[in-house]
Every structure is written in C-alpha cells, then in structure tokens.
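Student: I've got a fold to go through and I'd like to talk it over with you. Can we take it piece by piece?

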Amino acid sequence: MVDQRHPVGGVGGQMAELDETDRRIVDELRGNSRMSMRALAAALHISRANVYTRVARLEREGVITGYTAIIDPQRYGHALSAYVFLKVQQQSWKRLQERVLDIPEVDHAALVSGEHDIILLVRTRDAAALRDLVLTRLQDMPEVVSTQTVLIFDETTPASRAGRTPPE
C-alpha cells in the first residue's frame, strides 16, 4: 500500500505527516470540536482506540492546537467589525504582537507582505469604540506609523455555514 501522508506545519515549524484519516479527523473536529471520540469514530468508520491514538498524536505534534467556541459577534455584543491595516516601524512586529493580541477587540492579527505590514480583524460594540481603538490605543503605540480602517458590512466563514442546508 502506498503511504498517502502529506507534510504540514507542526511543532517548532517541523512538518507533521498526515494521512487521509488524520485529515478527516481534523475536518470533523473543525466542524464540531465538542464531538465525542465515539461519535468521531462512528463518523469515520474506525475504532475508538484508533481515534484516541490519532487525536493524541495530532495534539502532541501541534496540528491540533486547541478547541474553542465559535461565537456570533453581533449576538455577543460586537456589532461592528473592521479590518485595520497598520504600517509599522521596521523590525517592530515582535515587540507589537503581544500588545496587539492583548487588546480584547482584536480577533486576529497577521504580519503580511505588500503595502501594509499588519492586518487586524477587530470587533467592537459600536463606531465610538472602534474610533477609540484606532485613534487612541493603536495610533498611540510608538511603533505604529499609520493606520487604515475598512468596515466589514457582512461576512461568511466556513463556521457560519456549518449546519446550513445548501441551496438547491
């Protein structure tokens, strides 16, 4: 039998070897991280012992890094979402990343190539809170050279599609 494993990023940047069953486990857990090992084994038609062993290996190798609740931002009180693009001083990402991620309204941060250096996905309760976040907390950071804010009017994510019936 041919080994169908494919390398992906693992612990410390090392590649973890994944086969099709590993990928199916990850896909199932991404759709429902609360799924029991019994239900996961039944969905994949493999033994529970095999599922336990594989999930433990995927966690140990850093492929699965955690489990989380996915929320509806508006129902949670974050009615306004935006992307905030930052231009920063060279070599400042390492100094900035922890401070940026300590801001509760920052949902995601990425160091990127192109015109901007960092993209933040932020979620706030209203326009006044977004203004305070951008004009006070972000622009007051000495490493931040400039900002650009783009409002999100609507968004779709794979998680938001879960459980929806596809259109006919």
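Student: In which sense do strand 4 and strand 5 pair, and over how many bridges?
Tutor: Keep in mind that this is a predicted model. Ala-109 stands opposite Leu-120 in strand 5, which gives you one spot to look at. The pairing of strand 4 with strand 5 is antiparallel, and the count of bridges is five.

Student: Which residue in the hairpin of strand 4 and strand 5 takes a positive phi?
Tutor: Look at the stretch between the two strands, which has six residues. The phi in question is near 110 degrees, and the residue that takes it is Gly-114.

Student: Which strands stand at the edges of the sheet?
Tutor: Four strands form this open sheet, with antiparallel pairing, and the order is 4-5-3-6. The edge strands each have a single partner strand, so one side of each is left without a neighbour in the sheet. That makes them strand 4 (106–111) and strand 6 (144–152).

Student: How are helix 2 and helix 3 oriented to each other, roughly parallel or roughly perpendicular?
Tutor: Helix 2 (residues 37–44) and helix 3 (residues 48–60) have axes 9 Å apart and pack at an angle of about 110 degrees. Angles of 65 to 115 degrees count as roughly perpendicular. Helix 2 and helix 3 are therefore roughly perpendicular.

Student: How many residues in the contact of helix 2 with helix 3 are nonpolar?
Tutor: Helix 2 brings Met-37, Arg-38, Leu-40 and Ala-41, and they meet Arg-48, Val-51, Tyr-52 and Val-55 of helix 3. Two of the residues in this contact are charged and none is polar. The nonpolar count is six.

Student: How many charged residues are in the contact of helix 1 with helix 3?
Tutor: Helix 1 (residues 20–31) packs on helix 3 at about 80 degrees, with the axes 11 Å apart. Helix 1 gives Thr-21, Asp-22, Ile-25, Val-26 and Leu-29, while helix 3 gives Arg-54, Val-55, Arg-57 and Leu-58. Five of these are nonpolar and one is polar, and the charged count is three.

Notes: Residues numbered from 1 in each chain as written. Predicted model: local features only at pLDDT ≥ 70, side-chain atom pairs only at ≥ 80, totals over all residues. Heavy atoms only, no water. Axes fitted to C-alpha atoms, helices over the stretch in contact; angles between N-to-C directions. Parallel < 35°, antiparallel > 145°, perpendicular 65-115°, else oblique. Contact = heavy atoms within 4.5 Å. Nonpolar A, V, L, I, M, F, W, Y, C, P; charged D, E, K, R; others polar. Pairing = 2+ DSSP bridges.
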